[in-house]
Amino acid sequence: MNLTTPALLFPAISLLLLAYTNRFVVLAQLIRHLHVQYKDKREDVVIRQIANLRIRITLIRRMQSFGVTSFILCSVSMLLVFVDMILPAQYVFGLSLLLLVLSLVFSLWEIAISTKAIEIELEDIEQNLKRHL
C-alpha cells in the first residue's frame, strides 16, 4: 500500500459529504415549511410526516458522522503510510472503508424513508382530487 491508495478516497468522500449536507439543508427547509403549515392548520399529512422527519434527521446525522470519521481515518492511514507504518495503515484504511460503507447503508435507508414521505404527500393530493371530483 502506498500514499495514493487512501488518497483515492478523498474526492469520493468529499463529494459524499457534500451530498449529505445538501440533504440535511433540504430537510431543514422542509421542517421549517411544515412547521409554518402546521401552525396555520393542523393537517393530518403534516402530523404523519413528523415521525418520518425525525428518523431522517437521525439517519443523516449518522451518515455524516460515519462519513467524517471515514475521512479522518483515511487521513490517518495516509499519515501512517507516510511514516512507514504500513500494517497499521492498512488496518486503519480498512476501518475507513467499513465506515464509508456504513455511511452509504444509512444513506440508502434515508432515501427509502424519504420516498415514503413523498408517497404521503401523493396520497394527500389524491384524496383532495377525489373530494373535488
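The model is predicted, so local features need pLDDT of at least 70 and side-chain atom pairs count only at pLDDT 80 or more, while totals for chains, interfaces and linings use all residues. Residues are numbered from 1 along each chain as its sequence is written, and side-chain values use heavy atoms, with hydrogens and water left out.

Start with the charged residues. A salt bridge here is a side-chain nitrogen of Lys or Arg within 4 Å of a carboxyl oxygen of Asp or Glu. By this rule there are two salt bridges. One joins Glu110 to Arg23, with the closest N and O atoms 2.6 Å apart. Glu110 lies in helix H4 (residues 86-132) and Arg23 in helix H2 (residues 9-40), so this pair ties together parts 87 residues apart in sequence. Helices are DSSP runs (H or I, at least four residues), numbered from the N terminus.

Glu110 also forms a salt bridge with Arg56, and here the closest N and O atoms are 2.8 Å apart. This pair again links distant parts of the chain: Glu110 sits in helix H4 and Arg56 in helix H3, 54 residues apart.

Glu110 is buried, at 0%. Arg56 is buried too, with 9%. Arg23 is partly exposed, at 28%.

Now turn to the aromatic rings. Rings of Phe, Tyr and Trp (its six-membered ring) pair if their centres lie within 6.5 Å; planes under 30 degrees apart count as stacked, over 60 as edge-to-face, and the rest as tilted. The whole structure holds two aromatic pairs. In one, Phe66 and Phe106 have ring centres 5.6 Å apart and planes at 15°, so the pair is stacked. Phe66 is in helix H3 and Phe106 in helix H4, so distant parts of the chain, 40 residues apart, are linked. Phe66 is partly exposed, at 24% relative accessibility. Phe106 is buried, with a relative accessible area of 14%.

Phe106 also pairs with Trp109. That pair is stacked as well, at 6.0 Å centre to centre with 20° between the planes. Phe106 and Trp109 are three residues apart in helix H4, so about one helical turn separates them. Trp109 is partly exposed, at 44% relative accessibility. Together, Phe66, Phe106 and Trp109 form one aromatic cluster.

Next, look at the start of the chain. Met1 lies in the segment before helix H1 (4-7). Met1 is partly exposed, with a relative accessible area of 32%. Which residues does Met1 touch, not counting those up to four places away in sequence? They are Pro6, Ser77, Val81, Ile86, Ala89, Gln90 and Phe93. Contact means heavy atoms within 4.5 Å. Met1 and Ala89 are 88 residues apart along the chain, yet their C-alpha atoms are separated by 8.4 Å.

Last comes the surface. Leu3, Leu79, Phe82, Val83 and Met85 form a nonpolar patch there, with about 490 Å² of accessible area together. Patches are made of residues with over 30% relative accessible area and no salt bridge; like charges are joined within 9 Å, nonpolar side chains (Val, Leu, Ile, Met, Phe, Trp, Tyr) within 5 Å. The areas come from the Shrake-Rupley method with a 1.4 Å probe, and for residues only the protein chains shown count as cover. Leu79, one of the patch residues, belongs to helix H3 (residues 44-82).

Terms used: Helix = DSSP H or I, 4+ residues; strand = E, 2+ residues; numbered from the N terminus. Buried < 20%, exposed > 50% of the residue type's maximum accessible area, 1.4 Å probe, protein only.
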